[in-house]
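Hi,

Here is the structure I promised to send over. Have a look at it first, and then read on for what turned up.

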Amino acid sequence: MSRFWSDHVSGLSPYVPGEQPRVVDLLKLNTNEHPWGPSPKALAAIKEAADNRLRLYPDPKATALREVLAEHHGVTPDCIFVGNGSDEVLAHLFNALFRRQGRALRMPDITYSFYRSYCKLFGITPELILLSKDLSIRPNDYLPRADGDLAAGIIFANPNAPTGRALPLQDIAFIAKANPDIPVVVDEAYVDFGAESSVALLEQYDNVVAVHTFSKSRALAGLRVGYVVANPPIVEGLERVKDSFNSYPLDSLALAGAIASVQDDDYFREACNAVINARDTLTRSLTELGFQVLPSSANFVFATHPQHDAASLFAALRKQHILVRHFPLERIQQYLRISVGTPEDNARLCKVLKTIITTSHPSSA
């Protein structure tokens, strides 16, 4: 602590990202990065922008990017809000939509852990709703509260993290229809790997907010670009918050690379399909090793082995320079979240796992 801190700082619970060590021969399957990399056209656009545009301020309204994203999603540009990665976009959403005196924000008990950090930062009370025994979201659990009091809103990731399970579009519509007077924010960071986007619901439900990122399916995690697709009044509120914080959240390189990535639709779809195919193969390989793998619509799998402790497997993999993610939390402490790598990456992982499993004693996990 420091005597110079503002009053609220000591009470914050910062988000802890996956570790990023610098180790020779490291196989990094812990932060859900894209194994095939971004569009070559995006890389070329970034280089051109670096050569020609860095002396000038970027467009504060990101007009060109919002236009190509609007065309991609079949909406108008005033339905698009962009920011410095989806984490910043989510922070603006929490600030703009969920800070309501005496009203709690409803979210799954197991989901993207940054949501709880934002609640601490913005003084929002979280209302945690238990996932089912199979770690899926139950739409009926998000019906309006019996006491009649309105929540501040609803937020969940779809596909959910770290489980990878996805809700079908009709279930999201059910939640939105049941809660017409509060925002329903759907964090769709992984939607391009096999789920249905709630963007299709915007015309029917003005309370739906879809959050997207370029970090996963577009393989631009290092560029930091995220965005919202929502009805214009919600976007206007986000713009007011953004312009009270930082008028230039996206630099010229980020704008150039993101625009080129959206325009290279063929590469985008081919790369997504490659990840989906690799995920399916990885799921089969893990199942053959005795793992139970949840159905995934993301670029990762969530797996548990009934005879081997997840923390022990995590530590043994780490000794072999393979990183996966382990969450020592109630209900999911026996699971590993494993990012999908290239076929060669996944084969290396499974080979090492096979050795660990066959040479270690089963546990009571």
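Helices (H or I, at least four residues) and strands (E, at least two) are DSSP runs, numbered from the N terminus. "Buried" stands for under 20% relative accessible area, "exposed" for over 50%, and "partly exposed" for in between (1.4 Å probe, protein chains only).

This is a predicted model, in which local features need pLDDT of at least 70 and side-chain atom pairs count only at pLDDT 80 or more, while totals for chains, interfaces and linings use all residues. Residues are numbered from 1 along each chain as its sequence is written, and side-chain values use heavy atoms, with hydrogens and water left out.

Let's start with α8. The buried residues of α8 pack against α2 (63–73), β9 (292–293), β10 (300–304), β13 (336–339) and α10. Which residues are they? In α8, the buried ones are Phe268, Ala271, Cys272, Val275, Ile276, Ala278, Arg279, Leu282 and Leu286. The helix covers residues 265–288, and at 1.5 Å a residue its 24 residues should span 34 Å; the end C-alpha atoms are 35 Å apart, which agrees. (The expected span is 1.5 Å times one less than the number of residues.) Just after α8, glycine 290 has a positive phi of about 100°.

Next, α3 (residues 85–97). Of its 13 residues, 11 are buried, so α3 is largely enclosed by the rest of the structure. Among them are Asp87, Glu88 and His92.

α3 packs on α6 (residues 232–243) at an angle of about 105°, with the axes 9 Å apart. Axes here are lines fitted to C-alpha atoms, for helices over the stretch in contact, and angles run from 0 to 180 degrees between N-to-C directions. That makes α3 roughly perpendicular to α6; the cut-offs are under 35 degrees for roughly parallel, over 145 for roughly antiparallel, 65 to 115 for roughly perpendicular, and oblique for the rest. His92, Leu93, Asn95, Ala96 and Leu97 of α3 meet Ile234, Gly237, Leu238, Val241 and Lys242 of α6. By class, that contact has 6 nonpolar, 3 polar and 1 charged. (Ala, Val, Leu, Ile, Met, Phe, Trp, Tyr, Cys and Pro count as nonpolar, Asp, Glu, Lys and Arg as charged, and the others, Gly among them, as polar.)

There is another helix pair to look at. α9 (residues 310–319) and α10 (residues 343–359) pack at about 120°, with axes 10 Å apart, and are therefore oblique to each other. Leu313, Ala316 and Leu317 in α9 touch Leu349, Val352, Leu353, Ile356 and Ile357 in α10. This contact has 8 nonpolar residues, with no polar and no charged ones.

Most residues other than glycine have a negative phi, and most peptide bonds are trans. Leucine 135, though, has a positive phi of about 65°; it sits in the loop between β4 (126–129) and β5 and is buried at 4% relative accessible area. Alanine 219 also has a positive phi, near 60°, and lies in the loop between β7 (208–213) and β8 (226–230). The bond from asparagine 158 to proline 159 is cis, with omega near 0°, and a cis bond also joins alanine 161 and proline 162, with omega about 10°. Proline 159 is in the loop between β5 (153–157) and α5 (169–178), and proline 162 is in the loop between β5 and α5 as well.

Cheers

Terms used:
Contact means heavy atoms within 4.5 Å.
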